[in-house]
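Open the model in your viewer and keep the sequence panel at hand. The tour moves from one selection to the next and says what to look for at each stop.

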Amino acid sequence: MTDTETSFDKDRARAFTSRMLGILNDGALSLMMSVGHKAGLFDALDGSPAETSEQVAARAGLEERYVREWLHAMACGGIVDYNPDQETFQLPEEHSGLVTRRAGPLNLTVPMQHISLLGEVEDDLVNAFKHGGGIPYDKYPRFQALTAESSERRFRTGLVNQVVPLLNMDDALRSGITVADVGCGSGLASYLLGKEFPNSKFVGFDMSEDGIGHASEVAKDQENVSYEVADAASLGQDQRFDLVTTFDAIHDQAHPRQVLSEIFKMLTPGGTYLCVEPKASSRLEENIPDPMAPYMYTISAMHCMTVSL
């Protein structure tokens, strides 16, 4: 026997086979769970008794044949409970807090929507692997809407009640200061803060004309909130704002140091900068234990990194 044959670990090979099958099945389930979120199926199941596919479809207002196939996938994946005698399905209470809209920021079916979205640029990414460069932002027409949905869950539950108190600026915001949100996307943070602090003025900046157009339309009746199309690396807003915020925006920049320099210039003397970013490290070994690390590296490679390049 050769050294290769004697050192081959069959148990490790079997374990990896199981792992690969798990990845394949879970990848498929993530697509189906994304469908379930968009179609409102998890919300229809939330708190309901065990029901047949016909009853679930009627409750959700959907086509039974599709609902039946979806329920079968959920049962095989251990997402819903199945009673073969009665042919009924039920969403366990222990699962509902991670898959329904009432779960808010804990609803993991929202980020599962990224899987199908990123699949749309898979061939473009392979081309970038071969030839360098990156994928432009306009190749992701659905990304901003999904980001807005994710941000909305966090902002509506925690922005005013959890983030603002960390700044120790409640009195200043109520008295009236100027605030900028760089990389504002759909502009929800500025809109919510504008409603909470009517004496302060809020301006959102983003490079996306569609995003700024949507944000401006939503906030058209909010006189203390406005939005401007701008490149974060060349804002040119010297000493205009008492507070500048960025929410998950700096890691997307092609030139983050330049953006941070522009933000520094925006601040009035003694001004405050709030930077919110994903909890991650530049060191791989520090990220490996994170249960979300594979997902975050995939998002980085297929969106954040390539867009910045």
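Start with the aromatic rings. In this predicted model, the count comes to four aromatic pairs. Select Phe42 and Trp70, which form one of them. Phe42 sits in helix H3 (residues 41-45), and Trp70 sits in helix H5 (residues 64-76). The two residues are 28 residues apart, and their pair links distant parts of the chain. Phe42 is buried, with a relative accessible area of 1%. Trp70 is buried too, at 1% relative accessibility.

Next, the sheet. Show strands S5, S4, S3, S6 and S7 as a cartoon. That sequence of names is also their order across an open sheet of five strands, and the pairing is parallel. Which strands stand at the edges? They are S5 (225-229) and S7 (267-276). Each has a single partner strand, so one side of each has no neighbour in the sheet. Look along the sheet for its twist, which averages 20 degrees from one strand to the next. Then zoom in on S4 (residues 201-206) and S5. Five bridges join these two parallel strands. Pick Asp206 and look across to S5: Val229 stands opposite.

Stay with the backbone and turn to the loops.

- Select Glu87, in the loop between strand S1 (81-83) and strand S2 (88-90). Its phi is near 55 degrees, a positive value in a residue other than glycine. Glu87 is exposed, with a relative accessible area of 51%.
- Select Gln239, in the loop between S5 and strand S6 (241-247). Here phi is also positive, at about 45 degrees, and the residue is not a glycine. Gln239 counts as exposed, at 53% relative accessibility.
- Select Val99, in the loop between helix H6 (93-96) and helix H7 (113-119). Is Val99 buried or exposed? With 7% relative accessibility, Val99 counts as buried.

Now the charged side chains. The count comes to 14 salt bridges. Three of them are worth a stop.

Go to Asp11 and Arg14. Their side chains meet in a salt bridge of 2.5 Å, N to O. Why are they about one helical turn apart? Asp11 and Arg14 lie three residues apart in helix H2, which means a separation of about one turn. Both ends face outward by the numbers: Asp11 is exposed at 53% relative accessible area, and Arg14 is exposed at 52%.

Move to Asp46 and Arg102. This salt bridge also comes to 2.5 Å, N to O. Asp46 is in the loop between H3 and helix H4 (53-60), and Arg102 is in the loop between H6 and H7, so the pair ties together parts that are 56 residues apart in sequence. Asp46 is partly exposed, with a relative accessible area of 22%. Arg102 is exposed, at 58%.

Then pick Glu217 and Lys220. They form a salt bridge whose closest N and O atoms are 2.8 Å apart. Glu217 is partly exposed, with a relative accessible area of 47%, whereas Lys220 is exposed at 56%. Select Asp170, Arg174 and Glu196 next: salt bridges that share partners join these residues into one network.

Select Phe16, Met20 and Ile23, which make a nonpolar surface patch of about 300 Å². Ile23 lies in helix H2 (residues 10-39).

How values were computed
Residues are numbered from 1 along each chain as its sequence is written. This is a predicted model: local features need pLDDT of at least 70, side-chain atom pairs count only at pLDDT 80 or more; totals for chains, interfaces and linings use all residues. Side-chain values use heavy atoms; hydrogens and water are left out. Patches are made of residues with over 30% relative accessible area and no salt bridge: like charges are joined within 9 Å, nonpolar side chains (Val, Leu, Ile, Met, Phe, Trp, Tyr) within 5 Å. Accessible areas come from the Shrake-Rupley method with a 1.4 Å probe; for residues, only the protein chains shown count as cover. A salt bridge is a side-chain nitrogen of Lys or Arg within 4 Å of a carboxyl oxygen of Asp or Glu. Helices (H or I, at least four residues) and strands (E, at least two) are DSSP runs, numbered from the N terminus. Rings of Phe, Tyr and Trp (its six-membered ring) pair if their centres lie within 6.5 Å; planes under 30 degrees apart count as stacked, over 60 as edge-to-face and the rest as tilted. Buried means under 20% relative accessible area, exposed over 50%, partly exposed in between (1.4 Å probe, protein chains only). Two strands pair if DSSP finds at least two bridges between them. Axes are lines fitted to C-alpha atoms, for helices over the stretch in contact, and angles run from 0 to 180 degrees between N-to-C directions.
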